[in-house]
Amino acid sequence: MSFTVIRVRLIACGPTPSGVLEALQEGLSRELGVDAVLGEELPLTDKAYSRHRRQCLAEAFLPRLRESQEGRNPVLAVTDVDLYTPGLNFVFGLADPRSRSAIISITRLRPEFYCQSPEPELFRLRVLKEAVHELGHLLGLGHCRRPSCIMFFSSQLADTDRKGPGFCTECRSRLGNIGGAG
Ligand SMILES: [Zn+2]
Ligand SMILES: [Zn+2]
């Protein structure tokens, strides 16, 4: 049996702590079997920034990612600015399956954000979970009702900590079908 390995481009948007993208690269190939490659860092622009909210509009990043995209391969950005989308106070990430581009924010994944002690392992696991979730969207999956599945929607960090990093059997089999169809 042969299948094409999906190549995912990882891009930092603005400064990110050292080692985060490399750990993600390794985690994504382990969890998803994708070939994750690191792209060039994109500088932040103030276009996405809302002075009033002190957050960036997640949607504003996606068109810029497409410039770094290789064909139809998924591109995933990682940023350390807090993201929002209209109607929500914040989002951990956003995916646009049509353009196969997504972004995650690592800001709210740090225990320090909640005045807790740093936990590098936990932080990296959360980053991996958010990345797998958004890539799941890029590969055609919607949200899953099972709280233990990575495709469950996280409205708070407790949801992220409860679930994944893997897919439930149903989501995994859907993913298999999508992969087979190219
Ligand atoms: Zn989602
Ligand atoms: Zn599921």
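Strand 1 is largely enclosed by the rest of the structure, because 6 of its 7 residues are buried (buried means 20 or more other C-beta atoms within 10 Å of a residue's own, exposed means 12 or fewer, partly exposed is in between, and C-beta atoms are placed from the backbone). Helices (H or I, at least four residues) and strands (E, at least two) are DSSP runs numbered from the N terminus. This is a predicted model, in which local features need pLDDT of at least 70 and side-chain atom pairs count only at pLDDT 80 or more, while totals for chains, interfaces and linings use all residues. Residues are numbered from 1 along each chain as its sequence is written, with chains lettered from A and ligands numbered from 1 in the order in which they are written.

**The sheet around strand 1**
- Strand 1 pairs with strand 2 in the parallel sense over 4 bridges (two strands pair if DSSP finds at least two bridges between them).
- Along this pairing, Arg 7 has Asp 35 of strand 2 as its bridge partner, and Val 8 stands opposite Ala 36.
- Strand 1 also runs parallel to strand 5, to which 5 bridges join it; here Cys 13 is partnered by Thr 79.
- Zooming out, we find an open sheet of 5 strands in the order 2-1-5-9-8, with mixed pairing.
- Strand 2 and strand 8 (93-96) are the edge strands, each pairing on one side only.
- From one strand to the next, the twist averages 20° (axes are lines fitted to C-alpha atoms, for helices over the stretch in contact, and angles run from 0 to 180 degrees between N-to-C directions).

**Helix 1**
- The 13 residues of helix 1 (residues 20-32) should span 18 Å at 1.5 Å a residue, and the end C-alpha atoms, 17 Å apart, agree with that (the expected span is 1.5 Å times one less than the number of residues).
- Leu 21, Leu 24, Leu 28 and Leu 32 are the buried residues of helix 1.
- Just after helix 1, Gly 33 takes a positive phi of about 70°.

**Helices against the sheet**
- The buried residues of helix 1 pack against strand 1 (7-13), strand 2 (35-38), strand 5 (75-79) and helix 3 (120-138) (contact means C-beta atoms, placed from the backbone, within 7 Å).
- Helix 1 runs at about 165° to strand 2.
- Helix 3 lies across strands including strand 9 (101-105), running at about 160° to strand 9.

How values were computed:
Contact = placed C-beta atoms within 7 Å.
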